[in-house]
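Subject: Structure handover

Hello,

Here is the structure I promised to pass on. Please open it first, then read the notes below it.

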Amino acid sequence: MKLPEAFISRMHMYFEEKGRLSEEADFFASYEKAPVHGIRWNRLKISSDSYNDYMKDMDLQGDRVAWCDGGFYTPDVSLGKDPYYHAGAYYIQEPSAMLPASVLGTKPGEYILDMCAAPGGKATRIAEDLRGEGLLIANEINAERSRALLRNLERCGADNVVILNEDPAHMVKTFRSFFDRIIIDAPCSGEGMFRRDPFAPKSWEKFGPSSCVPIQSNILEYAHEMLKPGGCIVYSTCTFGEAENEDRIHTFLSNHSEYEIIPHRDLPGVTHDDEGMMRIWPHKTEGEGHFCVHLLKRSSEESSSDDPRKTTKNPGSSQFVFVKARECFEDFMKGLLTEEAASSYMERIRTDFILHKDKVHMLPLSEKLFSGLKVVKMGDFPGEIKETAKGRTFIPSQALALELPVESIRPSRFFSLKRSDERLLRYLRCETIMLEDQETEMLDQGEYVVVAVEGLPLGFAKVTGGVLKNLYPKAWRLM
């Protein structure tokens with residue numbers, strides 16, 4: 001690989017100044033190796049004691065990623081077409097990039113901000129850690145990338161997630177001292193992408209670290225304003241220069257004495273400096289490379305008496321329309337879910353239900369908080385209310401099928417296919433599915449059913465006689 005001369009010169013100076021010239025040859029030789037690939041099993045859907053079973057089922061062999069529960073190294077194969085991928089059972093992610101969200105240490109019930117969230121590797125991991133409690137706000141400034149983020153979060157079955165398409169500068173007023181934890185996978189010069197992206201070296205030469213440093217500094221300042229005292233920031237990049245990494249943190253700490261670095265335990269393949277900043281080097285472990293640091297904001301500041309999380313709910317429509325729409329949604333869920341699961345879901349509807357025109361949303365706080373911001377996804381989007389010849393009808397979304405726990409769905413509304421069943425690929429291609437007689441007898445006629453692979457939901461279909469009318473989204477169709 002032809003590397004930029006300026007990059008070679010700078011890295012030579014780095015190793016020389018650190019007294020590590022013996023590593024230089026190995027570092028540059030790593031760029032001649034093939035890129036490293038990995039997947040991360042989704043703990044919302046797959047239990048840790050099942051990882052190896054699923055790996056075997058997919059005929060995959062790979063070591064675990066030391067710094068990420070559920071992370072595995074995988075060969076360079078097309079894993080985006082497997083039915084398990086479409087069910088959100090795993091996320092395809094470069095192993096080094098699994099480190100920051102693991103370091104963040106999200107707890108259920110917390111309010112988390114992913115400031116630079118697309119395509120969703122870190123956001124999906126955070127959603128796993130939240131376990132449906134609290135809130136994740138995943139922001140992406142690029143509109144096209146925010147749509148990819150939406151699909152990835154919906155596929156993984158994440159709920160209590162808001163996706164924004166905003167400049168962080170516009171978010172500060174709304175979310176001042178709001179978040180328990182903030183993760184910043186900062187825009188960077190991408191030196192860790194050189195092996196994976198043939199255009200990355202040219203991009204580095206055109207833009208380089210100097211164009212990224214001001215952006216990184218600004219993002220850190222915005223994060224400071226939006227973080228609660230006592231909260232944490234994880235800052236990371238996939239580049240190697242100190243200007244975008246250690247120097248950014250030193251400058252930030254010199255301007256904000258209330259912060260300190262949280263050191264982490266040693267992990268195979270992750271190096272730590274004396275201050276507690278972490279690096280993954282491509283010549284020292286299997287990974288493309290990453291920088292990561294965990295910062296604590298000490299709680300010496302006085303907290304505001306106003307809690308921005310406490311805002312009054314707004315029905316979003318006339319009270320009559322709101323109540324009728326909620327009743328329609330409740331009726332649908334009572335038919336889809338088991339009695340016990342429906343009872344629990346009704347409690348959530350009573351507190352989280354929001355109606356915008358005909359769209360149903362579920363959010364644990366008021367949508368008024370997001371007024372003036374560009375919202376891509378307002379919490380959960382279970383579906384919409386339509387007026388039909390039969391009256392008011394609830395139409396479920398793809399996201400609803402993917403986020404429901406399997407055990408909460410009535411057996412007569414759940415149709416699971418073996419991974420070897422040829423009808424599975426027909427479903428993912430949006431084609432009609434023919435049922436066998438005994439399968440038809442098991443399912444509720446004329447109703448929406450959740451179609452699954454080996455018990456993992458994929459989407460909805462509607463039963464009509466011995467036929468499943470395919471409702472898999474055309475935009476998600478397997479080609």
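**Helix pairs**

Helix α10 passes helix α11 in a right-handed crossing. A crossing is right-handed if the near helix is turned clockwise from the far one by less than a right angle, and left-handed if anticlockwise. Helices here are DSSP runs of H or I with at least four residues, strands are runs of E with at least two, and both are numbered from the N terminus.

Before going on, a word on the source. This is a predicted model, in which local features need pLDDT of at least 70 and side-chain atom pairs count only at pLDDT 80 or more, while totals for chains, interfaces and linings use all residues. Residues are numbered from 1 along each chain as its sequence is written, and side-chain values use heavy atoms, with hydrogens and water left out.

Back to the pair. α10 covers residues 208-226 and α11 covers residues 246-255. They pack at an angle of about 40°, and their axes are 11 Å apart. That makes α10 oblique to α11. Axes are lines fitted to C-alpha atoms, for helices over the stretch in contact, and angles run from 0 to 180 degrees between N-to-C directions. Angles under 35 degrees count as roughly parallel, over 145 as roughly antiparallel, 65 to 115 as roughly perpendicular, and the rest as oblique.

Which residues meet between α10 and α11? From α10 come V213, Q216, S217, L220, E221 and H224. From α11 come R248, I249, F252 and N255. Contact means heavy atoms within 4.5 Å.

Now the second pair. Helix α12 (residues 319-336) and helix α13 (residues 339-352) have axes that come within 10 Å and cross at roughly 160°. That makes α12 roughly antiparallel to α13. α12 passes α13 in a right-handed crossing. On the α12 side, the contact is made by R326, F329, E330, M333 and K334. On the α13 side, A342, Y345, M346, I349 and R350 take part.

Helix α1 spans residues 5-17, 13 residues in total. Its first and last C-alpha atoms are 18 Å apart, close to the 18 Å expected at 1.5 Å a residue. The expected span is 1.5 Å times one less than the number of residues.

Which residues of α1 are buried? F7, M11, Y14 and F15 are. They cover an arc of only 90° around the axis, which puts them on the same side of α1. The arc is that of the directions from the helix axis to the C-beta atoms. Buried means under 20% relative accessible area, exposed over 50%, and partly exposed in between (1.4 Å probe, protein chains only). An α-helix has 3.6 residues a turn, so residues three or four places apart point the same way.

E5 and E17 are exposed on the other side of α1. The buried residues of α1 pack against α2 (21-29), α9 (200-206) and β11 (278-280). Just after α1, G19 takes a positive phi of about 70°.

In α2, E23, E24, F27 and F28 are buried. Seen down the axis of α2, these fall within an arc of 130°, so they line one face of the helix. S22 and A25 are exposed on the other side of α2. The buried residues of α2 pack against α1.

**Backbone to check**

Most residues other than glycine have a negative phi, and most peptide bonds are trans.

- The peptide bond from A118 to P119 is cis, with omega near 5°. P119 lies in the loop between β4 (111-114) and α6 (121-130).
- R131 has a positive phi near 55° and is not a glycine. R131 sits in the loop between α6 and β5 (135-139). With a relative accessible area of 45%, R131 is partly exposed.
- S177 has a positive phi of about 50°, although it is not a glycine. S177 is in the loop between α8 (168-171) and β7 (179-185). At 32% relative accessibility, S177 counts as partly exposed.

K2 is in the segment before α1. At 70% relative accessibility, K2 counts as exposed. K2 and S96 are 94 residues apart in sequence and 23 Å apart in space, C-alpha to C-alpha.

D49 is in the loop between β1 (37-41) and α3 (51-57). D49 is exposed, with a relative accessible area of 64%. D49 and V77 are 28 residues apart along the chain, and their C-alpha atoms are separated by 24 Å.

Best wishes
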